[in-house]
Amino acid sequence: MDRRMFLACNAVAAIPLSGAGVAYAQSRAGNGPPIDFTSNLPAAGSFPDRWIFGSESCMDNTDPPWQVHWYNDHTAILRQNKAYSYEAPFAPLYFGNDRILLLDEGFVQLRNDCDLRGIVDATIDEWCERNDKNPERMELLVAFSHLHADHYAAVNQFAERPNTRYMGLTHEEMVGFWGMTNFPEERVSLDLGGREILIWGSPGHVVSEFAYYDSYTQILYTGDMFYRGRCYISFWEPWFDSMQRLIDFVDTHPVTHVMGCHVEISKDDEDYPYGLTYQPNEAPVQMTVQQLRDTFEFAKTVTEPGIYFTGTVFLCNQTRSMTTIDKYPYRYS
Amino acid sequence: MPQNQTYRPELSGNPQSSTSRSYPNGNPELQYNRPGVRNTDSAVPLHPAAPVIHDYASDGPAPGNIAFRWAYGSNVAAKNTDPRVQVMQYNEDSFILRQNMCVHWEAPFTYLLFGNKGALLIDNGASANPAHYPLRETVDAIVARWAKARGRTRVPLTLVMTSGEDHAQTKGLAQFAGRPDTTIAPTPLAAMQEFHGLLGKWPTGTSSIDLGDRVIQVIPTPGTHKDGLSFYDPYCDFLFTGDLLFPGKINIGNDRDFVASLERLKAFADANPVKYVMGGHIDMMFVPGQAYPRFRNYRPYERVLEMEPSLIAEALQYAREVQGRDLMLIRPDFILLNGVSPDQRTNVWPADVPQIRPPHPF
């Protein structure tokens, strides 16, 4: 498929372009009874009391490579094991009547090291069985929040998966995948089959980043630009503008939880240093809308590069890779 | 005893020899008792009737080598299958132990030295749980095997530490509690000073631990830790420096003490033969000036452990440079961090250090 075709065939422009497309759409018909994703919103759901959090000795870790948590019947949230990758990102899996959206693929590339593909396939099979769907007729969209390897490393595991489209690893392909022409302001709508996902640009941590809003659970997924930990802000102005867009969004839309990609902070607001593989007391991944608003209010007072604790997150304004707030514990005078 | 250690494959019957002539069945022209023969296990009787007394007096450093590379963790730490304690026998009376970096990222080194009257364990690892890190079990096995070869029924063991406050070097102590015939140096500063007989002469005095014809020198070297100690082994000519000087990111605890300790160490190295400085960890990669970040449990491109003694002078020179400044300073074999975050990075790359990009692992 050339680039023009790829952009034309993106997931949002769900217009069949050829006879094959029509046949394809018809083949979807009869794929189980439709699930209603539009009544009784927000759909109830719950986060676990604690996620897998690594272990004191990595080689003695007995947790699965990815924890699969069913937030509700039609929403799974995955978390990578800290003993497989210290980044331990979270990855939501949203199910619709026709399509399934996987956001983020974790930080281990090879299937024999960490079999995300197998875990996602098993999770899809489980959901399909429960809901009388045919897994072969469900289309899988493999996307990611932003263009960093700890969020797309495993994307190649899905390369030969049938009925699957995955996001390319350039800014143009990412924006084109969602059919955007006016990044980051443009807000597009992805239809998973009765379940609507709203997507818009959220640059600042990196240029190529999106915010995803699931209208069914009303979870706002903010990637790495806002999460419980160190928000590494590479570009302040775009980040601030993205925060403004998030605030504008929560002003006009109901949001149950704001969710980031990592947790790097303890329940007692202790900073877990970069690369740590054992976080027994880590804070929950989900945040409230109020925490987002408070952070934005705090951000208005930030004028210089540096590390700021807002009460919810650490804003690392242009300090990435240069320093952290850690001190050598054995310093003496 | 000097000996020619050069391995000459063509003389050892290696058919892959670079010379055209090979001796697949041995070369009958060679003498049967070549120089190296005297320094192998054959010197120890198979079933000794009485304790074998070893002569630790040697011209120059005792022979020995670090012949293998260190285990370097794995991309997925949960799937690591390396030994939890890697044991490298440097020579018959000196062992280097290393903790698997997938058990603890600090991957500290532990040294086990034997003398005619006992054994010394310098440092003891970063994990207390014997299921994760069976240091006690490993040391017991090495001691038992050594004792059998030397015809001993008991080998008193002494545990000392390059720093009593360093969590990466003292966690294994718990495993040795209650071990018979074992002396453990206390960890609090004053008690440690009293144990080593350094009370009142800290940090300028020295003391010694006699292992039986192998007398280990104890040198106070505060600087990275306030209770820092270095040990000198006159048999192997090793200087064990712990966190004070090692191929890695050296976090300075007090720069005045750090400079003073390096000065004393340099004076000591000038007055005594030193073959290698042996630190407590490795952070550096095998390319100059670059180090692995903290918590990394996959380090396929590590620098070797041993440091040339000339690095003491270099460390001293640059320690004086960072003294009184909050600074990160890069050198080819170590990085000095004074008053900054342990994760600190810098854009200042020294002009005299070649900048080589290491290959990126999978």
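Analyst: Two residues are in contact if their C-beta atoms, placed from the backbone, lie within 7 Å. The model is predicted, and the predictor gives the complex an ipTM of 0.86 and a pTM of 0.88.

User: How many residues does the contact take from chain A and from chain B?

Analyst: The criterion is a C-beta separation within 7 Å. By class, the side of chain A that touches chain B comprises 14 nonpolar, ten polar and six charged residues. The contact takes 30 residues from chain A, and from chain B 30 residues.

User: What average pLDDT does chain B have?

Analyst: In chain B, 90% of the residues score at least 70. The average pLDDT of chain B is 91.

User: What percentage of the residues of chain B count as buried?

Analyst: A residue is buried if 20 or more other C-beta atoms lie within 10 Å of its own. The secondary structure of chain B comprises six helices and 14 strands. Of its 362 residues, the share that counts as buried is 41%.

User: In the open sheet of chain B formed by three strands, what is the strand order?

Analyst: The edge strands are β11 (249-252) and β13 (327-330) of chain B, each of which pairs on one side only. Four bridges join β11(B) to β14 (residues 335-338) of chain B in parallel, while four bridges join β13(B) to β14(B) in antiparallel fashion. The pairing in the sheet is accordingly described as mixed, and the order is β11-β14-β13.

User: Which residue stands opposite B:I330 in β14(B)?

Analyst: β13(B) and β14(B) form a hairpin with four residues between them. On the pairing of β14(B) with β11(B), which run parallel, B:N251 stands opposite B:L337. In β14(B), the residue opposite B:I330 is B:I335.

User: Against which elements of chain B do the buried residues of α5(B) pack?

Analyst: Helix α5 (residues 255-271) of chain B has 17 residues and reaches 24 Å from its first C-alpha to its last, close to the 24 Å expected at 1.5 Å a residue. Its buried residues are B:D255, B:D257, B:F258, B:V259, B:S261, B:L262 and B:L265. The elements of chain B against which these buried residues pack are β8 (215-220), β9 (229-233), β11, α6 (310-322) and β14.

Conventions. Residues are numbered from 1 along each chain as its sequence is written. Chains are lettered from A and ligands numbered from 1 in the order in which they are written. This is a predicted model: local features need pLDDT of at least 70, side-chain atom pairs count only at pLDDT 80 or more; totals for chains, interfaces and linings use all residues. pLDDT is the predictor's confidence in each residue, from 0 to 100. Ala, Val, Leu, Ile, Met, Phe, Trp, Tyr, Cys and Pro count as nonpolar, Asp, Glu, Lys and Arg as charged, and the others, Gly among them, as polar. Helices (H or I, at least four residues) and strands (E, at least two) are DSSP runs, numbered from the N terminus. A residue is buried if 20 or more other C-beta atoms lie within 10 Å of its own, exposed if 12 or fewer, and partly exposed in between; C-beta atoms are placed from the backbone. Two strands pair if DSSP finds at least two bridges between them. The expected span of a helix is 1.5 Å times one less than its number of residues.
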